[in-house]
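Could you walk me through this model in my viewer, one selection at a time? I would like to know what to click on next and what I will find there.

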Amino acid sequence: MTPIRTLPATAVAALVTGCGGASATRRDMTIIDASRNVSRQSDYGIRASFAAPRDSVFAALAAAYAEVGLAPDLVDTKEAVVARTQILIPRVFNGTRASLLFSCGETATGASLAENGQLYASARSQITGDFDRPTVMTLVDAFVVPSGGTSTNSLHCGSTGEIEGWILKKVAARVRER
C-alpha cells in the first residue's frame, strides 16, 4: 500500500483532547493509497517509565525540552503536558542532519526532502500512570515545505525517534540526579 495523501484528524483530536478524554500525544491519521484504500493510524509516540515521583519527572521533562533546544511554549501542570510547537528545524539540529531526524521522502535526484525545504516540527509529551512510576509519552511530528513550494504543497514527515530519545534520556539523567 503506497500512501499518497495523509489527512490529520486534528479537529476531532482537539475536541477530544480539550475534554480530557484522549492523550495529548495522540495523533490520528487517515491514509488513502493509490488504489483509494483507506486506513487509519494512531500514534501515541515513544513511551518510557521512570521510578520516581511524578512531580520530579514533570520538572525533569520541562528542563529536558530546554536542554535539547526546544524551549517549551506549553507547560501544563494540570494535564501533565510539555510541548513545543512550530519549530523551524535547520538542516543540522543539535549536530544531527535533519534527514536522520525525519523521514520526509526524497527528491527525484535522491536528496532528502527533510534537507531540501523548510522543515517545521512540533514536540509534545504527556505524563500518565502511577504517582511513583509515571510514564512519559513523547511524540515529535513534522512537515516540510519543499524548496520553491508553498504551504499548500507541504508534506508530512515521520520522526525517526531521535529527538524523542534525546528528551527521554535527559529526563532519565535528571531523575537520577535527584
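Start by selecting Glu-115, which counts as buried because its relative accessibility is 12%; buried means under 20% relative accessible area, exposed over 50%, and partly exposed in between, with a 1.4 Å probe and protein chains only. Before you go on, note that this is a predicted model, in which local features need pLDDT of at least 70 and side-chain atom pairs count only at pLDDT 80 or more, while totals for chains, interfaces and linings use all residues. Residues are numbered from 1 along each chain as its sequence is written, and side-chain values use heavy atoms, with hydrogens and water left out.

Arg-97 forms a salt bridge with Glu-115, and their closest N and O atoms are 2.3 Å apart; a salt bridge here is a side-chain nitrogen of Lys or Arg within 4 Å of a carboxyl oxygen of Asp or Glu. The pair links distant parts of the chain, with Arg-97 in strand β8 (residues 96-97) and Glu-115 in the loop between β9 and β10, 18 residues apart. Helices (H or I, at least four residues) and strands (E, at least two) are DSSP runs, numbered from the N terminus. Arg-97 is partly exposed, at a relative accessible area of 45%.

How many salt bridges does a search of the whole structure find? There are three. For another of them, select Glu-67 and Lys-170, whose closest N and O atoms are 3.5 Å apart. Lys-170 lies in helix α4 and Glu-67 in helix α2, so this pair ties together parts that are 103 residues apart in sequence. Then click on Arg-174, which forms a salt bridge with Glu-67 at 2.5 Å between the closest N and O atoms. Shared partners join Glu-67, Lys-170 and Arg-174 into one network. Each member is partly exposed: Glu-67 at 39%, Lys-170 at 32% and Arg-174 at 25%.

Next, go to Phe-102. The largest nonpolar core has 39 residues, and Phe-102 is among those with the most contacts inside it, as are Leu-70, Leu-119, Ile-163, Ile-167 and Val-171. Such a core is a set of buried Ala, Val, Leu, Ile, Met, Phe, Trp, Tyr and Cys residues joined through side-chain atoms within 4.5 Å. Elements giving two or more residues to this core include α2 (54-67), β6 (81-89) and α4 (162-177). Leaving out residues up to four places away in sequence, Phe-102 touches Ile-89, Leu-119, Val-140, Cys-157 and Ile-163, among others; contact means heavy atoms within 4.5 Å.

Switch to cartoon view for the strands. Strand β12 (residues 155-159) runs antiparallel to β9 (residues 102-103), joined by two bridges, and antiparallel to β11 (residues 134-146), joined by three. Two strands pair if DSSP finds at least two bridges between them. To see individual partners, select Ser-103 with Gly-158, then Val-144 with Leu-155.

Finally, colour by pLDDT, the predictor's confidence in each residue, from 0 to 100. The chain has a mean of 78, and 71% of its residues reach 70 or more. Confidence is highest in α2, at a mean of 96, and lowest in helix α1 (residues 10-18), at 30. Across residues 1-26 pLDDT stays under 50, and over residues 38-42 it is below 50.
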